[in-house]
Amino acid sequence: MTIQELAALVEANIVTASVDTGREVECGYTCDLLSWVMANGSEGMAWITVQTHMNVIAVATLHDMSCVIIPEGIKVEDDVIGKADEEGVAILTTSLGAYEICGRMNAKGIPAK
Amino acid sequence: MTPNNIVNMAKIKGLDMIAVADHNSARHLPVISRVAQEVGVALLPAIELNTREEVHMLAYFESVEAAVDFSEEIYEYLPKVKNRASLFGRQALMDEDDEIIGEEERLLINALSLSIDDLAFMLKDRKALAVPAHINRGSNGILQALGFVPPTEPFSALEVSVGLPLPHKGLPSLPHLHSSDAHYLENMLEATEFLTLDSCTPRGFFDYIQNWKGN
């Protein structure tokens, strides 16, 4: 599934402007402790987190993730979106909660890592 | 812990200056300050903030008034959740004689709806010091919550828990502080950590931190 298709699936807006949304999503993950994600992230991952700190982009970039999904309508600051564009990590924002997002992704066959 | 037993225990343990840092509040500092003055222990006014990211960050102020002003300013960002004493303990407000004169109803340990960036810059604007707390402790330490210490926030120092591993690489060049982080009287440390200050006052502490040039 591509980032574009994933966005439709989870009713998300793609807030980054220049990231290739045709990129494949390989697997899904959710966690809010960035140290944990640093240790357990992987390439092509779609990562759901309520954290919106700039460090999220660093962690996603470190693992060459496909995208970060911010749930529950949480706003992402412009400088964080700018950094994500620069690093080529898509940011998706949606009003859905992490549980619902995981359920939909799982039902469509996106695996855990 | 009461104003008198905190300050007097500090005196017995030979501490010259103490920072008293309630979670997200400075409302007890005026009373603590008066008791400390009477007993002869210097007080560094402080608050232990819990940021939106669930990072604990110490804020140090030059005066009790500045701390109280900041405390009032952030109160609206504290979720309107009531404390449950059975889980979190009482949040009693006491006077100089340790008599209970009130109770804080809102749960103080909750995370503020302000990010660590917001808070660090707010503190900088108010000439206060932002110091991520117990960075290597795990729960509510910045290294666990955010993976690494972000290089862009205006932190003044890092509070490092003694006896726990600390990564050697990737930390910004800032002074390290150590504290007892005592939540109970028996956890207060003896005078085992020292700073050499020009004066044993908040100003002396600020000068030390702000003039620190690295090890």
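One term before we set off: buried means under 20% relative accessible area, exposed over 50%, and partly exposed in between, using a 1.4 Å probe and protein chains only. Some housekeeping too: this is a predicted model, where local features need pLDDT of at least 70, side-chain atom pairs count only at pLDDT 80 or more, and totals for chains, interfaces and linings use all residues. Residues are numbered from 1 along each chain as its sequence is written, chains are lettered from A and ligands numbered from 1 in the order in which they are written, and side-chain values use heavy atoms, with hydrogens and water left out.

How does the model score? It gets ipTM 0.85 and pTM 0.91.

**Stop 1: chain A as a whole**

Select chain A and color it by secondary structure. You'll find five helices and five strands; these are DSSP runs numbered from the N terminus, with helices being H or I of at least four residues and strands E of at least two. Follow the chain along its sequence and the pattern reads α-β-β-α-β-α-β-α-β-α. Chain A is as compact as a globular protein of its length, because its radius of gyration is 12 Å, close to the 13 Å that the globule rule gives for 113 residues. That radius is taken over C-alpha atoms, and the rule is 2.2 Å times the number of residues to the power 0.38.

**Stop 2: the core**

Now pick A:Trp47 and B:Leu49. These two have the most contacts inside the largest nonpolar core, which has 67 residues. Such a core is a set of buried Ala, Val, Leu, Ile, Met, Phe, Trp, Tyr and Cys residues joined through side-chain atoms within 4.5 Å. Which residues does A:Trp47 touch, not counting those up to four places away in sequence? Among them are A:Tyr29, A:Leu34, A:Val56, A:Met65 and A:Ile69. Touching here is contact, meaning heavy atoms within 4.5 Å.

**Stop 3: A:Thr52**

Move along to A:Thr52, in the loop between strand 3 (45-48) and helix 3 (55-62) of chain A. Buried or exposed? A:Thr52 is buried, because its relative accessible area is 8%. Show side chains and look across to B:Arg52: a polar contact of 3.2 Å joins the two side chains. (That's a pair of N or O atoms within 3.5 Å; within protein, one must be able to donate a hydrogen and the other to accept it, and residues adjacent in sequence count only if both atoms are side-chain atoms.) A:Thr52 also touches residues of its own chain, including A:Ile70, A:Lys75 and A:Val80.

**Stop 4: out to A:Asp78**

Next, select A:Asp78 in helix 4 (residues 78-87) of chain A. A:Asp78 counts as exposed, at 61% relative accessibility. Its C-alpha atom is separated by 19 Å from that of A:Thr21, 57 residues apart along the chain.

**Stop 5: two positive phi angles**

Most residues other than glycine have a negative phi. A:Glu11, not a glycine, has a positive phi of about 55°. Find A:Glu11 in the loop between helix 1 (3-9) and strand 1 (12-14) of chain A, partly exposed at 48% relative accessibility. Then jump to B:Lys127, where phi is near 60°, again positive in a residue other than glycine. B:Lys127 lies in the loop between helix 5 (116-125) and strand 6 (129-132) of chain B, and is exposed, because its relative accessible area is 64%.
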